[in-house]
Amino acid sequence: MTPPYDLESLMRHALALAARGRGFVEPNPMVGAVVLDSAGNLVGEGWHQRFGGPHAEVFALQAAGEKARDGTLIVTLEPCCHHGKTPPCTDAVLKAGVSRVVVAMADPFPRVAGGGLKILRDAGVEVQVGVCAAEAHKLNAPYLKLLHTDRPWVHLKWAMTLDGKIATRTSDSKWISGEESRRRVHELRGRVDAVIVGRGTVVADDPLLTARPAGPRVAARVVVTASGDLPERCQLRESVREGLVLIYTAMGNEGKFAGWRADGAEVVALPANDNRLSLDAVLADLGKRRFTNVLVEGGAGLLGSFLDAKAADEFHVFIAPKIVGGDSALSPVAGRGVKLMADAFELAECTFEPSGRDVYVHGLAK
Ligand SMILES: NC(=O)c1ccc[n+]([C@@H]2O[C@H](COP(=O)([O-])OP(=O)(O)OC[C@H]3O[C@@H](n4cnc5c(N)ncnc54)[C@H](OP(=O)(O)O)[C@@H]3O)[C@@H](O)[C@H]2O)c1
């Protein structure tokens with residue numbers, strides 16, 4: 001950052017610092033902070049770097065040292081006021097002697113929820129809330145969703161050809177997208193808590209579903225199968241020791257997984273309707289595990305069900321300059337679909353980026 005500073009650009013800088021924690025801090029929020037001395041010079045910055053580690057304010061105030069006295073702390077989320085995995089940040093803020101704290105948004109976490117701001121105000125610190133609030137909410141949308149609904153943020157991903165197919169008529173899908181797009185997908189896998197596929201994808205592709213190279217977290221590999229008819233031998237089963245394999249199946253079909261269980265997989269039985277598992281029950285179980293971000297990678301049946309259930313939050317679509325044709329070749333989203341164009345699912349905040357020879361379309365659910 002270069003002077004002169006204004007509050008919004010400083011808060012945006014703090015938000016950019018916060019984003020460095022993506023994949024490392026969940027289920028905690030991403031938080032960034034900067035400190036100005038009494039003359040308005042930037043004298044410290046920091047971000048929450050890993051789950052259970054010191055919070056952003058602590059790093060920023062430590063970097064500022066004595067220069068923080070009578071200065072300003074600019075932080076993307078309300079400082080905490082409770083003993084969690086670390087002592088309350090409000091103690092560190094008061095000890096540092098800053099006279100003003102600028103916060104993007106209050107923390108709805110029940111043990112904070114305005115308490116941090118109150119402690120600071122009661123101690124005579126000038127507190128301003130709401131600078132770049134919309135950007136701060138957006139950055140931590142997965143954290144906020146988990147907090148408010150006990151369900152993780154759901155990313156949908158698929159790769160398709162120019163003619164809108166995710167596999168050939170023989171179910172061959174390796175590879176639709178190019179190397180750069182696959183690298184991006186592995187990066188995504190490395191920062192989410194779960195990678196989810198339907199039984200059809202396990203049967204057709206025999207995927208491993210790991211992030212290669214590994215990212216900041218190891219995602220659980222999740223299969224959704226009401227029937228429980230998974231192949232006896234497949235890469236997922238053979239690699240159970242590399243990271244949790246979690247299977248959701250219909251009540252009554254758990255017995256089919258004795259071998260998988262013996263190998264170390266976890267099997268959860270859920271209610272099913274018409275041989276389809278309740279996706280809300282799947283998401284509720286993932287939320288109970290405090291999974292913040294989950295990535296649904298297909299296939300068409302499962303992606304369709306997520307869309308029919310309006311259970312998607314974010315989209316990652318790779319379009320490759322290839323054409324495979326074929327009446328029976330699958331398109332990315334099956335399920336029930338909508339009747340009228342007016343009811344089509346529209347993405348918000350769409351971006352279109354080249355990804356090698358492919359196009360990467362990213363957007364949010366409206
Ligand atoms: N290009 C890509 O990005 C990409 C990615 C992944 C897959 N694919 C391709 O997609 C194809 C597989 O897709 P698919 O549609 O056949 O299978 P799928 O979506 O992978 O799996 C569908 C299966 O999931 C189970 N399921 C359980 N509850 C469900 C629910 N609520 N909604 C939907 N499914 C539920 C059912 O299995 P049970 O019958 O056991 O209940 C269902 O048959 C393969 O050809 C694969 O190569 C492409």
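In which hand of crossing does helix 2 pass helix 3? The crossing is left-handed, a term used if the near helix is turned anticlockwise from the far one by less than a right angle, with clockwise giving right-handed.

This is a predicted model, in which local features need pLDDT of at least 70 and side-chain atom pairs count only at pLDDT 80 or more, while totals for chains, interfaces and linings use all residues. Residues are numbered from 1 along each chain as its sequence is written.

Select residues 56–64, helix 2, and residues 89–96, helix 3: they pack at an angle of about 20°, with axes 9 Å apart. Helix 2 is therefore roughly parallel to helix 3 (angles under 35 degrees).

Next, display E57, V58 and L61 of helix 2 together with C89, A92, V93 and A96 of helix 3, which make the contact (C-beta atoms, placed from the backbone, within 7 Å). By class, this contact holds six nonpolar, no polar and one charged residues (Ala, Val, Leu, Ile, Met, Phe, Trp, Tyr, Cys and Pro count as nonpolar; Asp, Glu, Lys and Arg as charged; the others, Gly among them, as polar).

Now select the whole protein chain and colour by secondary structure: there are 12 helices and 16 strands (DSSP runs, H or I of at least four residues for helices and E of at least two for strands, numbered from the N terminus). The C-alpha trace spans about 70 × 45 × 40 Å along its principal axes. Finally, buried residues make up 43% of the 366 residues (20 or more other C-beta atoms within 10 Å of the residue's own).

Notes. Axes are lines fitted to C-alpha atoms, for helices over the stretch in contact, and angles run from 0 to 180 degrees between N-to-C directions. Angles under 35 degrees count as roughly parallel, over 145 as roughly antiparallel, 65 to 115 as roughly perpendicular and the rest as oblique. Two residues are in contact if their C-beta atoms, placed from the backbone, lie within 7 Å. A residue is buried if 20 or more other C-beta atoms lie within 10 Å of its own, exposed if 12 or fewer, and partly exposed in between; C-beta atoms are placed from the backbone.
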